[in-house]
Amino acid sequence: MIKPTKAEVAAAQNRTIRDVIAPDLGVLFCGINTGLYSAATGHHFARPGNRFWPTLYRSGFTPRLFAPDEELELISLGYGITNIVDRATASAAEVTIEELKQGGISLKRKLQVFRPKVLAILGISAYRTAFNQPKAILGRQPDLIAETIVWVLPNPSGLNAHFPPVKLAEVFREFRDELKLLGLMDL
């Protein structure tokens, strides 16, 4: 993957990138929105310091550490990537409450079309706002969205100080183990 210049990153404001998605995935990982670095590269979770890819590997979801430009290989493993809000911003804090709510509606439609077994939303605050669940906690949610089980996991951003890399991988591993116990997928 070619590292974008500062000007290319700045010019990525409000861009969108394509979902990594296919019908009947085991897990559809869902970020809050695309960051500028990712929008500039065209690949999800591309910013150096984002812990998504190392966490997938350390928790056993992938057999090796994938680079962002290998994201399409997730499909063959039964995983995909989308976002609640499509618009790229410098920070998730720039996403408005209305955008999150509209993103929740769009995400529900996407789930109706692609029918993943599990939606793993990466960020508790975004989930609470997008789906009007102000008291939600991390983990499996009691309600389905479009017949899809919903799980909320910590945001893998390097800015999430509540979950250092080891703890983040542990939470993702527990999620993976729980899916196996529930017979939701062969992991």
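**The sheet and its helices**

Tutor: This is a predicted model. Its open sheet has 5 strands, in the order S2-S1-S3-S5-S4, and the pairing is mixed. Strand S2 (79-89) and strand S4 (139-140) are the edge strands, each pairing on one side only. Strands of a sheet pair through backbone hydrogen bonds, either parallel or antiparallel. Strand S1 (residues 27-35) and strand S3 (residues 118-122) run parallel, joined by 4 bridges. In that pairing, Cys 30 stands opposite Ile 121 in S3.

Now the helices on the sheet. Helix H5 (residues 97-114) packs on the sheet and touches S1, S2 and S3. The direction of H5 makes about 150 degrees with that of S2. Helix H7 (residues 165-181) lies across S1, S3 and strand S5 (149-153). H7 runs at about 160 degrees to S5.

Leu 168, Ala 169, Val 171, Phe 172, Phe 175, Arg 176 and Leu 179 of H7 are buried. Seen down the axis of H7, these buried residues fall within an arc of 160 degrees, so they line one face of the helix. An α-helix has 3.6 residues a turn, so residues three or four places apart point the same way. The buried residues of H7 pack against S1, helix H3 (52-58), S3 and S5. The face turned away from the buried side of H7 carries the exposed residues Val 166 and Leu 181. Just after H7, Gly 183 takes a positive phi of about 70 degrees.

Most residues other than glycine have a negative phi. Asp 24 has a positive phi, near 60 degrees, and is not a glycine. Asp 24 sits in the loop between helix H1 (6-10) and S1. Its relative accessible area is 46%, so Asp 24 counts as partly exposed. Asn 132, again not a glycine, has a positive phi of about 50 degrees. Asn 132 is in the loop between helix H6 (124-130) and S4. With a relative accessible area of 62%, Asn 132 is exposed.

Methods
Residues numbered from 1 in each chain as written. Predicted model: local features only at pLDDT ≥ 70, side-chain atom pairs only at ≥ 80, totals over all residues. Heavy atoms only, no water. Pairing = 2+ DSSP bridges. Helix = DSSP H or I, 4+ residues; strand = E, 2+ residues; numbered from the N terminus. Contact = heavy atoms within 4.5 Å. Axes fitted to C-alpha atoms, helices over the stretch in contact; angles between N-to-C directions. Buried < 20%, exposed > 50% of the residue type's maximum accessible area, 1.4 Å probe, protein only. Arc of directions from axis to C-beta.
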